[in-house]
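Here is a short report on one protein model. Keep the structure open as you read.

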Amino acid sequence: MTPDAQLELVTADGRRVSTESAPCPLEVRGLTVSYGEKPAVFSVDARFPSGSMTAIVGPNGAGKSTFLKGALGIVRCLAGEIRFFGRPFKETRRDVAYVPQRASVDWDFPARVIDVVMMGLYREVGLFRFAGSRHRARAIECLSRVGMQDFADRQIGQLSGGQQQRVFLARALAQDAELYLLDEPFAGVDAATEHAIVTVLKELKAAGKTVVCVHHDLSTVSAYFDRVMLINMRKQAEGPIAEAFTPETLQATYGGRLAASQIDELRLGSA
Ligand code: ADP
Ligand code: MG
């Protein structure tokens, strides 16, 4: 399904070689999800290239979370073709880490921070097998990357929202995935946590990983990301910031909800 990504060259001795050795981490065609009569996401085509860092942006209720859930098979798609690394999700789960929107997770059940992070290691450890000191050390290392190593033995429910968000990110890091899908990781966190999370995401990108974030703060899109997908049920634009994050595409996505003066204040790619 990735003809544009996989240009084939024929060598002088007749061998066919692909110009792109790594398949696209996530590519969807015609993704449509409906909870009722009106679709929440309608016929979206999108491509998230290897090593890119993309913000998914759009108004409340635009279908941003639903897009990720549809791609991951958490909600049923009415239509659509979805490929992770060129293959169905069930074959590539190991390489895909997902951090859901915080409000959607109930953390009242008793679990220690370290146990939550070790869930990210379950493929390595096995669900009910004994996790050894090596695994605990790896979980602590992931907590350190988000500045939460001192909270390892706390109950997750006792942490602030921002601290919980860092723990979710540590769990995703423990998985050592190739593609990271995060749903509003900065929602309701303090400035220090936002900085810590963005630093980790940029480190992932520097290590060649692919990052996709639902993001609600238009003022930081250009600083944090190199690509954007604008969505309001339908995809409105997609591409490098300079091309896809413009007054026109924002107007198309937000309509009257975004005043011209607000658009002027944004550091748009074209500015
Ligand atoms: P966003 O993440 O962009 O704010 P969502 O993907 O959560 O938007 O929601 C898109 C639309 O689908 C909204 O109209 C929302 O009310 C609706 N929706 C989301 N989840 C459900 C659900 N589980 N059941 C019914 N409708 C839902
Ligand atoms: Mg959402």
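**Ground rules.** This is a predicted model, in which local features need pLDDT of at least 70, side-chain atom pairs count only at pLDDT 80 or more, and totals for chains, interfaces and linings use all residues. Residues are numbered from 1 along each chain as its sequence is written, chains are lettered from A and ligands numbered from 1 in the order in which they are written, and side-chain values use heavy atoms, with hydrogens and water left out.

**The whole chain.** The protein has 11 helices and 11 strands. These are DSSP runs, numbered from the N terminus: helices are H or I with at least four residues, strands are E with at least two. Of the 271 residues, 48% count as buried. Buried means under 20% relative accessible area, exposed means over 50%, and partly exposed lies in between (1.4 Å probe, protein chains only). Among contacts with a separation of 6 or more, 65% join residues 24 or more positions apart. A contact means heavy atoms within 4.5 Å.

Strands of a sheet pair through backbone hydrogen bonds, either parallel or antiparallel. Two strands count as paired if DSSP finds at least two bridges between them. Here 3 strands form an open antiparallel sheet in the order 4-3-6. Strand 4 (39-48) and strand 6 (79-83) each have a single partner strand, so one side of each lacks a neighbour in the sheet. The twist averages 15° from one strand to the next. Strand 3 (residues 26-34) pairs with strand 6 over 4 bridges. One bridge joins R29 to E81 in strand 6. Helix 1 packs on this sheet and touches strand 3, strand 4 and strand 6; its direction makes about 110° with that of strand 3. Axes are lines fitted to C-alpha atoms, for helices over the stretch in contact, and angles run from 0 to 180 degrees between N-to-C directions.

Another open sheet has 6 strands in the order 7-8-9-5-10-11, with mixed pairing. Strand 7 and strand 11 (234-240) are its edges, each pairing on one side only. Strand 8 (residues 179-183) and strand 9 run parallel over 5 bridges. L182 stands opposite C213 in strand 9. Helix 6 (residues 161-175) lies across strand 7 and strand 8, at about 175° to strand 7.

**The ligands.** S65 sits in helix 1 (residues 64-72) and Q101 in the loop between strand 7 (96-99) and helix 3 (113-119), 36 residues apart. S65 is buried at 16% relative accessible area, while Q101 is partly exposed at 28%.

| Residue | Polar atom | Distance |
|---|---|---|
| A62 | backbone | 3.1 Å |
| K64 | side chain | 2.8 Å |

**A loop residue.** T220 lies in the loop between strand 9 (210-214) and helix 8 (221-224). T220 is buried, at 13% relative accessible area. Leaving out residues up to four places away in sequence, T220 touches E194 and H215.

Notes:
Polar contact = N/O pair within 3.5 Å; in protein donor to acceptor, adjacent residues only side chain to side chain.
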